[in-house]
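Subject: Structure for you to look at

Hello,

Here is the structure I promised to send over. Please open it first, then read my notes below.

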Amino acid sequence: MEHQHTVQQTLPPNPEKATLEGRNKFLGFWFFLGGETVLFASLFGTYLGLKGSTHTGPGPDELFSLPLVFIMTMILLTSSLTSVFAIINMKKGNYRGLLLWLSVTVILGLAFLGFEIYEFYEYVHHGLGFTTSAFGSSFYTLVGTHGAHVAFGIAWITTLLLRYRKSGLTLTNAPKFYVAVLYWHFIDVVWVFIFSVVYLMGIGG
Amino acid sequence: MSHAKAQSKSVLWDWLTTVDHKKVGILYLAAGAFFFALGGLEAILMRIQLMFPEFTFLPAQTFNELLTMHGTTMIFLAAMPLLFGLMNYIVPLQIGARDVAFPFLNALGFWLFLFGGILLNVSWFAGGAPDAGWTAYVPLSSESPGTGIDYYVLGLQISGAGTLIGGINFLVTIINMRAPGMSMMRMPLFTWSTFVASMLILFAFPALTIGLLLLMLERIFGATYFAVDFGGNVIIWQHLFWIFGHPEVYILVLPAFGIFSEIISTFSKKRLFGYSAMVFATLIIGFLGFMVWAHHMFTVGMGPVANSIFAVATMAIAVPTGIKIFNWLLTLWGGRIQFTTANLFALGFIPSFVMGGVTGVMLATSAANYQFHDTYFVVAHFHYVIIGGVVLGLFAGAFYWWPRIFGYKLNETLGKIFFWMFLFGFHLTFFVQHFLGLIGMPRRVASFLGGQGLDEMNLISTIGAFFMGVAFILFVVNIFVSMKNKETTGDPWDGRTLEWTIPSPTPEYNFAQTPLVRDVDALWYEKYEGDGKMKAAEPLGDIHMPNGSFLPFIISLGLFIASFGFIYHLWALAIAGMVVVFGAMFVRSVKEDHGYHIPKEDILNAKGGK
């Protein structure tokens, strides 16, 4: 409270965990990510159960193109790296660096989302609609839920960037930035599993 | 200052915007009691229909809707919220905290639950309630005509989100907000069981979230996960549902175990026997609870290997549960037992629940399960564990903590009559159902033929249900009759734990000074080793409090409105509702709210100017 307009130099070394509120957010968010893990595990299970059920529509090996998905993977992994840079800058007290790297993260996220929309558009073009087959439904649900998480993350980080563009780092906004970046990493990890389980196994398995 | 402003608010506005864990707890209790009465009424209507063979009190469709809504209401809208009410009010007090970790989210959890529950029940007036059983197996549910199942899917989705939020809140509260000296292994058992149940909520509810999402996408957007003619698989629903559904029964019963542990210890005037064994048994039950979901699916055709593994895992749960039963008995052993109403419920629980446990092991025998499956034997079993465990626990907890929560004691004489009537009615209703099941009466049937040996037992069962109904009315009467029995000591039962160290009624900041905890049963320790009062862990000072907020109500209302958009394919309405939801979340994110302080002088005045 009284700290909210303090200049960065007087902030403690780990401002995201310096207050009880910050620690609560930090721990609560980890728990939330635990729940999210089960959420995606359920979607993965459903997908694995149904990926052979292509009915009359196209199957994974006819649709997936590794170069496209590889580019998407690289973009998302890089965005995770830039969000790490943002947190390093935050811990150093370089607020401008934090904002800059988070902006890069958002732009990379948008690029990923653009590729995903293009990808879905292509698949629909090739005859795999949401209702075509059980494979189609479970594929779009799994990858689409991930895409919705990316979109939410973009909106969240953008909100923080706009809201705190002039405030400097405070004990109130440090946990917010930190937790948003945690969320972004989680999205990235889920994508790594999607890349392996859906795309690599879809083509090679 | 802002404190004065808080007092000038209207009562209604205060309750709509409260983020105080005690008021949120009372809201949960009130809403839960309402839904409990509703679910009970649904049960009695079903029992009237089954009173006589080929009785025509209700049409079969209505019966199906009643049995679906009875199960759904009792589990999601009555048992869980009533437990959440007690947890909300009691757990922060038991760990010496002034508040929960996320007061705002806590309020949001309540309003999500309430709007979800209301949405579910709106279906009665909108062309028929859900009719596919509380388990909503596909393809029955995915093909069910009308909008009933749509209400089920969206209502449970919204209230389930509230439950998940509540679970995370309890976890963080218990880990981060304990008073100095309150190590994990000094926490009262109710707090421990809340902790483990919250873990189960966190890892079980997302499976339901996905199950409901898939069913919604299938019904509303034509997805084909469960549509066999498109390559879909109906067993996926059963797995997702029971991966959630089995931990759910431990989410319900573990907190009840916690309540009994508190009550048996208090009214035996003894420390809980085998405290650490109790804690580990709770943890093991929580862990094994995730390993047994497929015992609900023995007859699906998973094969003998899978059936055997799940059968053995299920039977293994009897071991930690047995540890608990014996620890309660040994707590009573040699104790100075007081037969208060709360303790009567605890003592009635032990044999009743053991009977449910024994039939549980019978059902876990996968070969025999083919005989029991989908008969009244199963109905008898789960009512013995849910009523014998959870409902008796809730009533025990109500009588025990009533003076703490509402500032007056419930009448003991009326309470004991209520206890005996309820226990008698409960066994009368469900004991015969074991035999109904064994001689072949299937569950979820709207009627049966006479002269097959089913007539008398069904009549007896219905009479028992009436006993339970009348007993509950007696409980409601007790609430009003007893209002004059003001309780001002703050410690009516000669308690052992921190919730009995503060004045009655509970101040909004709970503890004027955070207490210093020196042993398990912190208050009892001070009564015998100290001066009977808790040592303070901090000097008296200003106390920081969170501001109330109307946003939880608005977020929940937005989802409620959007749901109608989804159910009736009114996409503009759905979008409008979601705009309200995300708009309110945006406001919450952007607007910093630092709360206010209650000045030291006010706290001194409240303490009588010490």
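This is a predicted model: local features need pLDDT of at least 70, side-chain atom pairs count only at pLDDT 80 or more; totals for chains, interfaces and linings use all residues.

Start in chain B, where α4(B) and α15(B) cross with a left-handed sense. On the α4(B) side, the residues are A79(B), L82(B), L83(B), L86(B), Y89(B) and I90(B).

**α3 and α4 of chain B**

α4(B) has another partner. It spans residues 60-94, and it packs with α3(B), residues 21-49. Their axes lie 7 Å apart, at an angle of about 155°. An angle over 145° counts as roughly antiparallel, and therefore α3(B) and α4(B) are roughly antiparallel to each other. The crossing is left-handed. The residues of this contact divide into 24 nonpolar, nine polar and two charged.

**α3 and α17 of chain B**

α3(B) also packs with α17(B), which runs over residues 455-481. Here the axes come within 9 Å and cross at roughly 155°. That makes α3(B) and α17(B) roughly antiparallel. This crossing, too, is left-handed. From α3(B) come G40(B), A43(B), I44(B), R47(B) and I48(B). Facing them in α17(B) are S461(B), T462(B), A465(B), G469(B) and F472(B). The class count for this contact is five nonpolar, four polar and one charged.

Is A43(B) buried or exposed? A43(B) has 21 C-beta neighbours inside 10 Å. The cut-off for buried is 20 or more, so A43(B) counts as buried. The residue sits in helix α3 of chain B. Leaving out residues up to four places away in sequence, A43(B) touches H70(B) and A465(B). A465(B) belongs to the α17(B) side of the contact described above.

**Chain A**

Now to chain A. It has six helices and zero strands. From the N terminus, the order of elements is simply α-α-α-α-α-α. Its C-alpha atoms fill a box of roughly 65 × 30 × 25 Å along the principal axes. The chain has 205 residues, and 41% of them count as buried. Take the contacts between residues at least 6 apart in sequence: 82% of these join residues at least 24 apart.

UniProt, in an unreviewed entry, lists "transmembrane region" for chain A at residues 27-48, 68-87, 99-118, 138-162 and 182-202. I looked at two of these spans in the model. Residues 138-162 of chain A are 100% helix and 0% strand, with the end C-alpha atoms 36 Å apart. Residues 182-202 of chain A are also 100% helix and 0% strand, and there the end C-alpha atoms lie 29 Å apart.

**Where the chains meet**

**Backbone points to check**

Most residues other than glycine have a negative phi, and most peptide bonds are trans.

- P139(B) is in the loop between α5 (103-122) and α6 (140-143) of chain B.
- S504(B) to P505(B): a cis bond again, with omega about -5°. P505(B) lies in the loop between α17 and β1 (515-516) of chain B.
- H55(A): phi is positive, about 50°, and the residue is not a glycine. H55(A) is in the loop between α1 and α2 (60-63) of chain A. With 16 other C-beta atoms within 10 Å, H55(A) is partly exposed.
- R444(B): phi is positive, about 60°, again without being a glycine. R444(B) is in the loop between α16 (412-438) and α17 of chain B. R444(B) has 14 other C-beta atoms within 10 Å and is partly exposed.

Best wishes

Note on methods. Residues are numbered from 1 along each chain as its sequence is written. Chains are lettered from A and ligands numbered from 1 in the order in which they are written. Axes are lines fitted to C-alpha atoms, for helices over the stretch in contact, and angles run from 0 to 180 degrees between N-to-C directions. Helices (H or I, at least four residues) and strands (E, at least two) are DSSP runs, numbered from the N terminus. Angles under 35 degrees count as roughly parallel, over 145 as roughly antiparallel, 65 to 115 as roughly perpendicular and the rest as oblique. A crossing is left-handed if the near helix is turned anticlockwise from the far one by less than a right angle, and right-handed if clockwise. Ala, Val, Leu, Ile, Met, Phe, Trp, Tyr, Cys and Pro count as nonpolar, Asp, Glu, Lys and Arg as charged, and the others, Gly among them, as polar. UniProt positions are given in the numbering used here, feature names are shortened, and annotations may be inferred rather than shown by experiment. A residue is buried if 20 or more other C-beta atoms lie within 10 Å of its own, exposed if 12 or fewer, and partly exposed in between; C-beta atoms are placed from the backbone. Two residues are in contact if their C-beta atoms, placed from the backbone, lie within 7 Å.
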